[in-house]
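Let's take a walk through this model, starting with its pockets and ending with its aromatic rings. Keep the viewer open as you read.

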Amino acid sequence: MSAILDTAIETPSDMSIETRNGRFRVAISGPASAPVLVLSNSLGTTLEMWDAQVTGLSRDFRVVRYDTRGHGGSVVTQGPYTFDQLGDDVVALLDALDVQRASFCGVSMGGHTGLWLGLHAAARLNAIAVCNSAARIGTTEGWTARATQVRTEGKAAMAVLAASSPSRWFTEGFIAREPKRVALAQAGMATLAPEGYASCCDALATSDLRDEISAIKVPTLLIAGDFDPVTTVADAQAMQRAIAGSTVVSVPASHLSNIEAPIPFEAALGQFLAQALA
């Protein structure tokens, strides 16, 4: 194992790691001897989206969170990006950390990255959790229009998207109950690099795995939000029908279900990983 992962870090340690694909911001927590679990953020967020899960998951796993390319403190290269690129970034990160096998959990864009890994890097995976995601997210036209808007208007467009994000991410009840958590998520989105965000929109515009995911043989959990308007329970059920042996669990949340419903989310993920690694 790499010197970084072998260090006895019991609380989150934020660092920048050089990989063959560039530098990525990473936070590592949990026992050095525990199995590795990689957490992947959704579009418009950073590794902080997993803050509520760190303490619980770090009891049993060496948790590796990272900012996806174009987000937060990770490399922002000129787009468009593809999921071949975003998925290979995860493999490159595992290589840099000298991790041969890991479990993977991603939300939305991160979940779609998990599907790509299940198809193209199965030998490196113990299990994948695909959360609030789909084999095809949105439409080419919608993502292309958003990418064009962000590239044209820059930070102003990011501010507008951040202002409207709660209605896509959370239920009205959560927005009313947790205004500080919602505001924190909005503020994080507003600070993202426009080119990185737009380039990830490009990746979503071009990726359609619906005809491929039946080839996934890695143990797969599909978590859906009961009130998610972006990637629905029906989307998760469609993936379940395609991926042999996969399981769907729904939680009372909208799109960022790990933030809105952290307890049932973590319970479902923990039970699944315990069974997959048994």
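Which helix provides the largest share of the lining of the second largest pocket? Bear in mind that this is a predicted model. The answer is helix 8, residues 179-190, which contributes five residues. The pocket itself has a volume of about 160 Å³. It is lined by 13 residues, and Thr46, Glu48, Arg181, Leu184 and Ala185 are the closest to its centre. Sort that lining by class and you get six nonpolar, four polar and three charged residues.

Now for the largest pocket. Rolling a probe the size of a water molecule over the atoms shows where empty space is left. The largest pocket comes out at a volume of about 270 Å³. Its lining takes in 17 residues, and if you want to find its centre, look for Leu43, Trp143, Arg146, Arg168 and Val230, the closest ones. Three helices each put at least two residues into this lining: helix 5 (140-153), helix 6 (155-169) and helix 9 (194-206). Helix 5 gives the most, with three residues. By class, the lining of the largest pocket holds 10 nonpolar residues, five polar ones and two charged ones.

How does this sit against the annotation? UniProt, in an unreviewed entry, lists residues 35-262 as "domain: AB hydrolase-1". In the model, that span is 47% helix and 15% strand, and its end C-alpha atoms lie 21 Å apart.

On to the rings. A pair of aromatic rings is described by the distance of the centres and the angle of the planes. Searching the whole structure turns up three aromatic pairs. In one of them, Trp169 and Phe170, the ring centres are 6.2 Å apart and the planes meet at 80 degrees, so this pair is edge-to-face, the label for angles over 60 degrees. Both of these residues, Trp169 and Phe170, are buried. Phe170 also pairs with Phe174: here the centres are 4.9 Å apart and the planes are at 35 degrees, so the pair counts as tilted. Trp169, Phe170 and Phe174 together form one aromatic cluster.

How exposed or buried are the two Phe residues? Phe170 has 3% relative accessibility, so it counts as buried. Phe174, at 5% relative accessibility, counts as buried too.

One last stop involves a charge and a ring. Find Arg69 and look at its charged end, which sits over the ring of Tyr81, 5.9 Å from the ring's centre.

Technical notes. Residues are numbered from 1 along each chain as its sequence is written. This is a predicted model: local features need pLDDT of at least 70, side-chain atom pairs count only at pLDDT 80 or more; totals for chains, interfaces and linings use all residues. Side-chain values use heavy atoms; hydrogens and water are left out. On a 1 Å grid over the protein atoms alone, a cavity is a set of points where a 1.4 Å probe fits but cannot get out, and a pocket is an open set with protein on both sides within 12 Å along at least five of seven lines; lining residues have an atom within 4 Å of a point. Grid points are joined across faces, edges and corners, and a volume is the space filled by probe spheres set on the points. Helices (H or I, at least four residues) and strands (E, at least two) are DSSP runs, numbered from the N terminus. Ala, Val, Leu, Ile, Met, Phe, Trp, Tyr, Cys and Pro count as nonpolar, Asp, Glu, Lys and Arg as charged, and the others, Gly among them, as polar. UniProt positions are given in the numbering used here, feature names are shortened, and annotations may be inferred rather than shown by experiment. Rings of Phe, Tyr and Trp (its six-membered ring) pair if their centres lie within 6.5 Å; planes under 30 degrees apart count as stacked, over 60 as edge-to-face and the rest as tilted. Buried means under 20% relative accessible area, exposed over 50%, partly exposed in between (1.4 Å probe, protein chains only). A charge sits over a ring if NZ of Lys or CZ of Arg is within 6 Å of the ring centre and within 35 degrees of the ring normal.
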